[in-house]
Structure formats: structure tokens, C-alpha cells
Amino acid sequence: MSTVWLQGKGFDRWVSVLGAVLAWEVVSRAGILPPAFFPPPSRVLLALVRELGTGEIPKHTLTTLAAYARGLALALAIGVPWGVLLGRVRIMRRASAVLIEMLRPIPSVAIIPVAILLLGIGEEMRFAVACYAAVWPVLFNTMYGVYNADPVLVDSARVFGFARWEVLWRVVVPSALPFITTGIRVSSAVALIVTVTAEMVAGTGGLGFYVKATELGSRVPEMYGGILLLGILGYLLNHLLRALEGRTLGWYRGAMGRAEEAGG
């Protein structure tokens with residue numbers, strides 16, 4: 001769905017953003033909402049630029065990105081192979097179903113206390129919680145993508161004498177790529193959200209910690225600046241993954257076209 005409503009590069013995509021910022025500025029300047037708690041975006045932008053200049057926000061941004069990247073990378077390293085295994089091996093899928101369905105609904109925030117007990121309140125805790133939250137979307141998308149691989153292509157590969165691992169590597173996994181890349185984008189968003197949440201709950205650094213600290217210190221424009229930066233960060237990460245997805249699926253579509261031609 002997101003690939004539909006984010007299509008295009010025209011100025012019209014930004015009209016809603018500019019309209020929201022303008023409305024925010026007018027409402028705050030007019031005193032409709034108390035400026036002390038709802039400062040105009042011009043003040044928020046100045047505060048954000050000032051904090052960028054001092055180096056405080058860049059330091060917290062790097063801390064958040066490090067925990068996010070490590071958590072997402074480990075989630076992909078676990079979720080993709082596990083999903084392939086569950087999608088291809090029926091007995092593994094049946095044996096794991098109850099355990100997965102018991103673990104998956106547990107809110108990631110609920111495991112923060114456990115992570116603190118085991119790992120303390122440092123980056124390792126945030127990284128572990130982000131990994132736990134991000135593993136499920138990519139696991140399930142990979143499993144369903146592999147499970148629903150085109151049986152005609154699979155049978156064609158077997159007829160051509162492909163070994164079992166070749167069928168998996170050259171047909172099943174490529175045909176599951178659209179599911180896998182979608183799972184990666186969902187896991188990326190989840191990892192960022194949970195990383196920031198963990199920083200707010202028990203962090204000693206990162207953008208979540210910064211937003212909470214500025215709120216407790218009544219530095220309201222700086223707090224909104226941190227929230228704004230999180231929104232920009234989420235948008236850029238999603239844009240980057242969409243670009244990588246486009247390149248990956250371009251290769252996939254070419255490979256699938258050649259496979260269909262070979263199969264007649």
C-alpha cells in the first residue's frame with residue numbers, strides 16, 4: 001500500500017506537510033494552543049539547528065542508529081533462514097507453531113525488564129529488544145513467501161535436474177523476495193520504534209533518551225526537535241529500503257523471466 005501512495009516525485013507530495021506546518025505555526029502564534037507547550041515550528045526548527053550545532057543531537061542519533069542497525073541485522077540473520085526453514089519443512093513448521101504463537105504476541109516493551117536484568121541498561125539491552133521485536137515480521141513474510149513459491153517453477157526446476165538446494169536457492173528464495181523485502185521494511189520500522197521506546201524507558205543515550213530528558217527539563221522546542229528528527233529519520237530509512245527493494249526486485253524479475261522462458 002505504501003508503495004502506491006508514495007509514488008511520484010512531484011511537489012504535490014509535500015503539500016500536506018507544508019499545510020500541516022503552516023497550520024501549526026498559525027495555531028501556535030495565535031495562542032489557540034499554549035505556545036509554552038506547543039511552540040511554533042519556526043522555534044522548533046531553530047532549536048533543532050542549534051542542537052545540531054552543539055553536537056548533542058548527532059551524538060544521540062548515532063547511538064540510536066547503532067542499536068537499531070545491530071538489532072535489525074541480527075533479526076534478519078535469524079528471521080530469514082528461520083522463515084525459509086519453516087516454509088519448506090512441514091515438521092519444523094508444525095513443531096514450532098505453538099512456541100511462535102506464544103512468543104509473538106508478547107509486546108516488546110514487556111520484555112524490557114527482562115532485558116535490563118540480563119543485559120543492564122546499556123546499548124546491549126536496546127539492541128536485544130529491537131532484535132526481538134523486528135524478527136517476527138521478516139520471519140512470517142519469509143515463511144509465507146517460501147511456502148507459496150510457484151509450484152510450476154519448482155517442478156520445472158526439478159525436471160531440469162536441479163538438486164534440492166539449487167531449487168531452493170535458484171527458484172524458491174527468489175520467488176519469495178517480494179515477501180522478504182516487505183518483511184524487512186516492516187521490521188526496520190518496528191526496530192526503530194522499539195529502540196526509541198527502550199531508550200525512553202531505561203536508556204542512557206539515544207534520541208529516545210534525549211526526547212525524554214528535554215521533556216523533563218522543560219526544553220519544549222528541543223523536545224519537539226528530537227521528535228521531528230525521529231520522523232525524518234524514519235522517512236529516510238524507509239526511502240533507502242524502498243530503493244534497495246527496487247534494485248533487488250529488478251534482478252528478481254529478470255531472473256524469473258529467464259526461468260519462465262527456459263520452462264517454455
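This is a predicted model: local features need pLDDT of at least 70, side-chain atom pairs count only at pLDDT 80 or more; totals for chains, interfaces and linings use all residues.

Student: What percentage of the residues of the chain count as buried?
Tutor: To count as buried, a residue needs a relative accessible area under 20%. The chain has 264 residues, and the share of them that counts as buried is 38%.

Student: Are α6 and α7 parallel, antiparallel, perpendicular or oblique to each other?
Tutor: Helix α6 covers residues 112–119 and helix α7 residues 123–147, and their axes are 9 Å apart. The two pack at an angle of about 140°. Roughly perpendicular would need 65 to 115 degrees, and roughly antiparallel over 145. The pair is therefore oblique.

Student: Is the crossing of α6 and α7 left-handed or right-handed, and how many charged residues are in their contact?
Tutor: The crossing is right-handed. From α6 come I112, A115, I116 and L119, and from α7 come E124, M125, A128 and V129. Glu belongs to the charged class, whereas Ala, Val, Leu, Ile and Met are nonpolar. By class, the contact has seven nonpolar residues, no polar ones, and the charged count is one.

Student: Where is S218, and is S218 buried or exposed?
Tutor: S218 sits in the loop between α10 (207–216) and α11 (220–262). Its phi is positive, about 55°, although S218 is not a glycine. A residue counts as exposed over 50% relative accessible area. S218 has 61%, so this residue is exposed.

Student: Why does M223 count as buried?
Tutor: M223 lies in helix α11. The cut-off for buried is under 20% relative accessible area. M223 counts as buried because its relative accessibility is 14%.

Student: Which residues is M223 in contact with, leaving aside its neighbours within four places in sequence?
Tutor: K212 is eleven residues away along the chain, and the C-alpha atoms of M223 and K212 are separated by 7.6 Å. For a contact, heavy atoms must be within 4.5 Å. With those sequence neighbours left aside, the contacts of M223 are V211, T214 and E215.

Key:
Residues are numbered from 1 along each chain as its sequence is written. Side-chain values use heavy atoms; hydrogens and water are left out. Axes are lines fitted to C-alpha atoms, for helices over the stretch in contact, and angles run from 0 to 180 degrees between N-to-C directions. Helices (H or I, at least four residues) and strands (E, at least two) are DSSP runs, numbered from the N terminus. Angles under 35 degrees count as roughly parallel, over 145 as roughly antiparallel, 65 to 115 as roughly perpendicular and the rest as oblique. A crossing is left-handed if the near helix is turned anticlockwise from the far one by less than a right angle, and right-handed if clockwise. Buried means under 20% relative accessible area, exposed over 50%, partly exposed in between (1.4 Å probe, protein chains only).
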